[in-house]
Amino acid sequence: MLKATNAGFDTLDGSSGTGPARRTLLAAATGLAATGCTAAPRSGREGPGADGVRQPGVTTAQQSAALVLSYDLPAGPRRLRTVLGAWAGVLAADRAPSLTATVGLGPRLAPNTLRELPPFPGDRLDPARCGGDLLVQLCADDPDALTRTAARLAHPELRPRWRQPGFLPPHPTGSVPRNLLGFKDGSANPTAEECERWVWRPDGGTFLVVRRIRLRVDDFARLTPRRQEEVIGRRRADGAPLDGGREDDDVDIFAKTPHGRYITPLGAHVRAASPRLDGGARMLRRGYSYDDGPDDRGLLFLAYLRDPALFVRVQRRMAAQDELSRFSEHQGSAVAYVPPAKELWA
């Protein structure tokens, strides 16, 4: 099981971080905030704002398009500062509306006891879609802005590993978007207060889990609407639990009918993912759909959480009991430490 420890570092390359280089990077980071590139955060001190504590794109209100980039850094940590310096300049100069860039360090670079996610039963992982030394989540309301920014992030020290675009279907402002299965994706996400406990670490960092999940959309569509709801564990129309209530209500997985049957089926997706099975621990899901052709459509699953061990526990339960697994195939996987903005750009 993964266990994260406090980073305990001054700079990412082990240097003292003093002098002009440090000041230049910090100025570039604060310049990014001054351009208005980040949307209003849902929770507190998301950076790089006045205090530069947290990276944007985590609890920032979800934009309509995403692009996740993965790179290898063959020279290792000693060249990380060079790349980050170049990126700071690119991001400070990019004034695309709503653009956020969130940078994560893979296990080879992360200053933690971070390891790659273990294999899970049923995985069909393609090594070409997994891992990476540096992960970048770009989000904006203009997909073309993501492509332009991604092109400018190219650097001679980096070797591109994989990339995956994603999108949100049209949906009313402030509502939870639907995935390609037709169900709302992100219902009952943690509140701002819960993010303080379950997403953000005390130093302002967090962890990112990425999974590329191909969905058998046509097969799922052949189920009756009632059967679809039983597989998911929520109502299709409004995202509410099967026993009623509101969309943002947690599912009571222990609720039973007067005849003693569980209202939420034992194989329901939401049962396997329930925070009640992890002492209330939650992850912030920031998923996007992807469409790479009629035979390759699915979910770009992005989750932010304080400890990747939570995802490991949940995914193991899903592999064992989640009926949605019959309609999904995990093809890509990555995990990264998302440092505080003040450490990443300092």
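Predicted model: local features only at pLDDT ≥ 70, side-chain atom pairs only at ≥ 80, totals over all residues.
Residues are termed buried when their relative accessible area is under 20%. The secondary structure consists of 9 helices and 9 strands. The chain exposes about 15000 Å², and 53% of this area is supplied by carbon and sulfur atoms. Of the contacts between residues at least 6 apart in sequence, 78% join residues at least 24 apart.

Helix H6, spanning residues 225-232, contains the buried residues Gln228, Glu229, Val231 and Ile232. Viewed down the axis of H6, the buried residues fall within an arc of 160 degrees, and therefore line one face of the helix. The cover over the buried residues of H6 includes helix H5 (217-221) and helix H7 (269-272). Gly233 follows H6 and has a positive phi, near 100 degrees.

In soluble globular proteins, nonpolar side chains tend to be buried together. The largest nonpolar core of the model has 62 residues, and those with the most contacts inside it are Trp87, Leu134, Leu138, Phe220 and Trp345. Helix H2 (residues 80-93) gives the most to this core, contributing 7 residues. Apart from this core lies another, of 20 residues, including Cys139, Leu168, Trp200 and Leu300. When neighbours within four places in sequence are left aside, the contacts of Leu134 include Leu80, Val83 and Trp87. Also among the residues in contact with Leu134 are Leu69, Ser70, Tyr71, Val103, Gly104, Leu105, Gly106, Leu109 and Leu158.

Trp200 is placed in the loop between helix H4 (192-198) and strand E5 (206-215). With a relative accessibility of 1%, against a limit of 20% for burial, Trp200 counts as buried. The C-alpha atom of Trp200 is separated by 7.0 Å from that of Leu305, although the two residues are 105 apart along the chain.

Cysteine residues were examined for pairing and burial. The count of disulfides is 0. Cys130 has a relative accessible area of 13% and is therefore buried. Cys195 likewise counts as buried, at 1% relative accessibility.

Ser328 lies in strand E9, which covers residues 328-338. Because its relative accessibility is 16%, Ser328 is classed as buried. A polar atom of the Ser328 side chain lies 3.2 Å from the backbone oxygen of Leu324. Beyond neighbours within four places in sequence, Ser328 is in contact with Ile213, Arg214, Leu215 and Arg216.

Ser98 is located in the loop between H2 and strand E2 (100-105), and its relative accessible area of 15% makes Ser98 a buried residue. Ala188 is found in the loop between strand E4 (159-167) and H4, and counts as buried because its relative accessibility is 12%.

Conventions. Residues numbered from 1 in each chain as written. Heavy atoms only, no water. Helix = DSSP H or I, 4+ residues; strand = E, 2+ residues; numbered from the N terminus. Buried < 20%, exposed > 50% of the residue type's maximum accessible area, 1.4 Å probe, protein only. Polar contact = N/O pair within 3.5 Å; in protein donor to acceptor, adjacent residues only side chain to side chain. Contact = heavy atoms within 4.5 Å. Core = buried A, V, L, I, M, F, W, Y, C linked by side-chain atoms within 4.5 Å. Areas by Shrake-Rupley, 256 points an atom, 1.4 Å probe, with all protein chains shown as cover. Disulfide = S-S within 2.5 Å. Arc of directions from axis to C-beta.
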